[in-house]
Amino acid sequence: MALVQKSGQPDLFITMTCNPAWPEIKEAMLRTDEAHNRPDLLSRVFHAKVNILKEDLFKKHIFGDVAAYTYVVEFQKRGLPHIHMLIILQPRSKLYSTESYDRIVSAEIPDEQANKHLFDMVRKHMMHGPCGSKNPNNVCMQGSFMRRCRNNYPKKWTGRTTHGNNTYPAYRRRNDGKKIIVRGQELDSRWVVPYNPYLL
C-alpha cells in the first residue's frame, strides 16, 4: 500500500515457480532422491534463480526503469517455492498503449520454424488444461457448480490486444491455425497462458 501511494499502481505482475527439472537441481541429486524430499536444495537453487531474475529486471532493465517492486515467496504443492512479484515502472517506462503490452507479453503459439526452442517451452509450460469438455475433471473445473473453467479458458479470439473491462488486458490471440497437441488434446492459442518470451 505504501509503495502504491508513493510510486503509483503496479504495471507488471510476474510469477516464477521452481522447476525440479532444472539442471542445477538434477545434477546435485542422487538417483534415489526425489525433489520434494530436498527442500534445502530446491530453496537454494530457486533463490539463485530469483537473484538472476532480479538482475535482469532491475539492473539490465529488460522492461524499462523500475520505480519500486515487491514480491512474496510461497511454497506450493510438493514444496516447490514460487514467487509473485509486482513491479511499478518509472513514468518514462510505463506501458501506455496496447502495442507496448504486445512488446513484452504474448498469448499466442509461436512459430515453430522461426523459434523451435520458444515453441517447445510454450508447449511444455504455458498451455492451460485442457479443461472443459476436453477434460471435465481438470483441477480448474473443481468446485465450479457451472462446470466452467475458473480461469476462463479457452479465451476468446481477438485480433489485437485491448484494455479489458476489469483493468486486465485482453491479449492478442489471432486465429492463425496454429495448434499443439497437449496431454492428448489439440489446443490452439486460446489455451496459451500469457508469457514473456525472454523470461520463458
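Reply: In this predicted model, the largest nonpolar core has 26 residues, and the members that touch the most others are Ile25, Leu57, Met85 and Ile87. Two or more residues each are supplied to this core by strand E1 (12-17), helix H3 (39-58), strand E3 (81-89) and helix H4 (98-104). H3 provides the largest share, eight residues.

Leaving aside residues up to four places away in sequence, Ile25 touches Cys18, Asn19, Pro20, Leu41, Leu42 and Val45. Apart from this core there is a second, separate one of 17 residues, with Ile109, Val122, Met127 and Tyr195 among them.

Helix H3 also holds Asp40. Asp40 is partly exposed, because its relative accessible area is 42%, and buried would require under 20%. The Asp40 side chain makes a polar contact with the side chain of Arg38, at 3.2 Å. Between the C-alpha atoms of Asp40 and Thr162 the separation is 43 Å, and these two residues lie 122 residues apart along the chain.

Val122, listed in the second core, belongs to helix H5 (residues 116-125), where Leu118, Phe119, Met121 and Val122 are buried. Viewed down the axis of H5, the buried residues fall within an arc of 165°, so they line one face of the helix. The face turned away from that buried side carries His117 and Lys124, which are exposed. Strand E6 (180-182) is included in what covers the buried residues of H5.

How values were computed: Residues numbered from 1 in each chain as written. Predicted model: local features only at pLDDT ≥ 70, side-chain atom pairs only at ≥ 80, totals over all residues. Heavy atoms only, no water. Core = buried A, V, L, I, M, F, W, Y, C linked by side-chain atoms within 4.5 Å. Buried < 20%, exposed > 50% of the residue type's maximum accessible area, 1.4 Å probe, protein only. Helix = DSSP H or I, 4+ residues; strand = E, 2+ residues; numbered from the N terminus. Contact = heavy atoms within 4.5 Å. Polar contact = N/O pair within 3.5 Å; in protein donor to acceptor, adjacent residues only side chain to side chain. Arc of directions from axis to C-beta.
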